[in-house]
Amino acid sequence: MAERLVIALGGNALQSGNAAPTAEAQLEVVRGTARQLAEVSARGYEMAIVHGNGPQVGRILLASETAKDVVPPMPFDVCGAMSQGYIGYHIQQALKYALAARNRNYPVVALTTQMIVDGNDPAFRNPTKPIGAFYTEEEARALEREKGYAMREDAGRGWRRVVASPLPRKIVEIEAVRLLWDHAIVITCGGGGVPVVEHPDGTLEGVAAVIDKDFAAELLAEEVNADALLILTEVEKVAIHFGKPNQQDLGHLSLAEAARYVEEGQFGVGSMLPKVQAAMKFVRANPGRKAIITSLDKCLDALDGKTGTVITFA
C-alpha cells in the first residue's frame with residue numbers, strides 16, 4: 001500500500017514576506033508550493049493537506065471591520081470559513097495544474113471543515129491570539145464594552161482584539177475526508193478548521209477562536225491512520241539554542257528527548273513549540289510511526305531520510 005501522509009503547510013508556503021499581501025502574490029507563492037506537493041504525489045504518496053490562515057483571516061476581518069458603515073461586519077468564524085475557501089481554491093487550482101504537468105490527472109478537492117472544540121477549554125479564559133486591526137486604548141475599551149471583545153496592548157503598537165486558541169477535539173467532516181481519500185488529494189482543516197462548539201442537542205455553533213493548524217493536522221493524521229505527519233515550516237531542521245552561537249540542529253528526536261527540550265523551553269511558543277508538540281502527540285498515539293519537521297524546499301529530501309528532523313517514539 002502507498003504511504004499515507006498528512007502535510008501541514010506553514011505560512012511561507014502560502015505567502016512571501018517580500019511580496020505585497022495580495023491574492024495575486026499569494027497565488028504565485030502557492031504555485032511554487034504546488035510544484036513541490038505534486039512531486040510528492042508523483043512519488044506515490046497518498047496525502048491530505050492542511051494549511052494555516054493567520055495573515056489571511058486577519059485581512060478578511062480587517063476589511064470587514066473597515067467597511068462596517070457600508071455592510072455589516074462578518075463574525076470571526078465566518079471570516080475563518082472565507083479564508084478556508086479562498087486559500088483552498090488557490091491550492092487546488094495550482095496543485096491540479098502541477099499534477100497535470102507530470103501527467104497525473106488526479107482530482108484535488110478543498111473541503112470546508114468544521115472543528116469541534118471544548119467550550120470549557122482553558123484557552124477561552126485566557127485568549128492570546130491577536131487578530132485584526134490596531135486601536136487606541138479608548139477605542140479598545142469601547143469595543144470591550146459594546147461587543148464583549150477581549151482587547152490587549154500589542155508590543156507598543158496599539159491595542160488589538162485577541163481570541164482563544166483551543167485544542168481541536170473532533171473533525172466534523174472526517175467521514176467525508178475518509179470517503180474522498182482514495183479518490184482525491186483532500187485539502188482539509190484549513191486554518192485549523194472553523195472552530196465550533198457542539199450543544200447537547202447536536203447543533204453546532206461557531207466561536208471566535210483560532211485553532212493551531214499543526215494540532216489540527218495531527219488530529220487528522222490520527223483519524224486517517226497516516227503513516228507520517230509532515231510539518232513544513234521555514235527551517236530545514238528543529239534546533240536547540242536557536243539563534244545562538246551554540247545552536248544545534250537536530251536530525252532525530254525521540255519522544256523523551258523532545259519532552260526534555262520542551263521542558264527546558266528550547267522551542268519558541270509561537271513558532272516551533274506547537275510543531276514539536278503536535279509531532280510528539282502523533283508518535284505517542286502511533287508508536288511505530290513518525291513525524292517529520294522540515295522546510296518546504298527540503299521536503300522531498302526529508303521523505304528520503306536525507307534531512308529534516310524525524311520524531312519517533314524511541
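Biologist: What volume does the largest cavity have?
Modeller: The largest cavity has a volume of about 90 Å³, where a cavity is a set of points on a 1 Å grid over the protein atoms alone at which a 1.4 Å probe fits but cannot get out. Grid points are joined across faces, edges and corners, and a volume is the space filled by probe spheres set on the points. This is a predicted model, in which local features need pLDDT of at least 70 and side-chain atom pairs count only at pLDDT 80 or more, while totals for chains, interfaces and linings use all residues. Residues are numbered from 1 along each chain as its sequence is written, and side-chain values use heavy atoms, with hydrogens and water left out.

Biologist: And how many cavities of 30 Å³ or more are there?
Modeller: A search of the whole structure finds one.

Biologist: Which element gives the most to the lining of the largest cavity?
Modeller: That is α3, with three residues, and both α3 (76–100) and β10 (194–198) supply at least two. Helices (H or I, at least four residues) and strands (E, at least two) are DSSP runs numbered from the N terminus, and a lining residue has an atom within 4 Å of a point. Among the residues that line this cavity are Asn-53, Phe-76, Asp-77, Pro-195 and Ile-211.

Biologist: OK, now pockets: how much space lies in the largest pocket?
Modeller: About 1,200 Å³ lies in the largest pocket, a pocket being an open set of points with protein on both sides within 12 Å along at least five of seven lines. Its lining has 43 residues, and those nearest the centre are Asp-212, Gly-270, Ser-271, Pro-274 and Lys-275.

Biologist: What classes do the residues of that lining divide into?
Modeller: The lining of the largest pocket divides into 18 nonpolar, 18 polar and seven charged residues. Here Ala, Val, Leu, Ile, Met, Phe, Trp, Tyr, Cys and Pro count as nonpolar, Asp, Glu, Lys and Arg as charged, and the others, Gly among them, as polar. The largest share of this lining, five residues, comes from α8.

Biologist: What about the second largest pocket, how much space lies there?
Modeller: The second largest pocket holds about 230 Å³ of space, and 13 residues line it, with Glu-65, Lys-68, Tyr-135, Leu-143 and Lys-147 closest to its centre. By class, its lining has seven nonpolar, one polar and five charged residues.

Biologist: Switching to rings, how many aromatic pairs are there?
Modeller: The count comes to one aromatic pair, with the rule that rings of Phe, Tyr and Trp (its six-membered ring) pair if their centres lie within 6.5 Å. Tyr-261 and Phe-267 form it, at 6.4 Å centre to centre and 85° between the planes, which is edge-to-face; planes over 60 degrees apart count as edge-to-face, those under 30 as stacked and the rest as tilted.

Biologist: Are those two buried or exposed?
Modeller: Both Tyr-261 and Phe-267 are buried, where buried means under 20% relative accessible area, exposed over 50% and partly exposed in between (1.4 Å probe, protein chains only).

Biologist: Last one: why is strand β16 largely enclosed?
Modeller: Five of the six residues of β16 (residues 290–295) are buried, so the strand is largely enclosed by the rest of the structure. Six bridges join it in parallel to β12 (residues 228–233), and three join it antiparallel to β17 (residues 309–312), where strands pair if DSSP finds at least two bridges between them.
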